[in-house]
Amino acid sequence: DIHWSRLVVFGTFLTVTAAELVIYAVYYFVRTARPMPDDDTAVSTGPELTGNEKLINDERGGTVLAFIRSHVQLNHAQDSSPHNSNTPELQHSKCLVLDTDNSFNISAHPQTGLAAVVNIRPLNSIPGVQDLLSACASRLTPEGLYLGCYETQKQRVARLMRTWTPLFFLFAYFFDMLVNRWLPGYETNNWLYLCLTGGRSRILSQSAVQRLFDKTGYAVVEEREIDGLLYFAAKKG
């Protein structure tokens, strides 16, 4: 009868949906799995980290720490660990380490004449990124560095492809581009973008970031891709 037919239809729909979710879950966990180290020898055996170096290492990892170390001294000058003795030109650098998306935190900081500002918050997650870069420039010396990171458009696509199956990727990519690239690209739609994301998911191409640096008076010294993000050192010009 009609009730039996409806039961068959809804039962089939629920069964197929559940099967799809299980298959996708298995696919996702297999696709995103990362090998575990065979033993404890995979852990860094270098000197014990302290201060800002430990904070960055715990938050972003040793590769990011090494990149930042190559440009600026993170800890105080009196730190006499072995890696500091190899960079005497950086011994007296004054460095401000942050994880912020608010330019007020920079403008309200009492210290000026900084050799470097390190902000590990990606530029994609900073609503007023131009204001923040300008605020950092006001605290830097004429040759000061801003070290940070962002996810490029190509890296975003690669991440979505790793996360979603081919069919779901098309939908995810379309909505991601719609909300995080096209909406903020027009002033009339910017309010909607801010309502949906808070301005913290913007898609940035390398050319767009370069234009941003040109506006705020920075010149890129070095770029390096690490763990799906593009880390950079930009000098105030």
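Y146 stands opposite A234 in strand 5. Helices (H or I, at least four residues) and strands (E, at least two) are DSSP runs, numbered from the N terminus.

A word on the source: this is a predicted model, in which local features need pLDDT of at least 70 and side-chain atom pairs count only at pLDDT 80 or more, while totals for chains, interfaces and linings use all residues. Residues are numbered from 1 along each chain as its sequence is written, and side-chain values use heavy atoms, with hydrogens and water left out.

| Residue | Partner | Strand of partner |
|---|---|---|
| V118 | L147 | strand 3 |

Strand 2, helix 6 and strand 3 make a right-handed β-α-β unit (with the strands pointing away from the viewer, the path from the first strand over the helix to the second runs clockwise). Strand 3 is largely enclosed by the rest of the structure, because eight of its 11 residues are buried, meaning under 20% relative accessible area with a 1.4 Å probe and protein chains only.

Now to the interior. A nonpolar core is a set of buried Ala, Val, Leu, Ile, Met, Phe, Trp, Tyr and Cys residues joined through side-chain atoms within 4.5 Å. The largest one has 24 residues, of which V117, L123, Y146 and Y218 touch the most other members. Helix 6 (129–139) gives the largest share, six residues. Apart from this core lies another of 19 residues, among them F67, L74, C95 and C149.

Contact means heavy atoms within 4.5 Å. Leaving aside neighbours within four places in sequence, Y146 has contacts including V117, L123, Y218 and F232.

Finally, D176 lies in helix 8 (residues 166–182). D176 is buried, with a relative accessible area of 12%. Not counting residues up to four places away in sequence, D176 touches R156, L160, R181 and I203.

Conventions: Two strands pair if DSSP finds at least two bridges between them. Buried means under 20% relative accessible area, exposed over 50%, partly exposed in between (1.4 Å probe, protein chains only).
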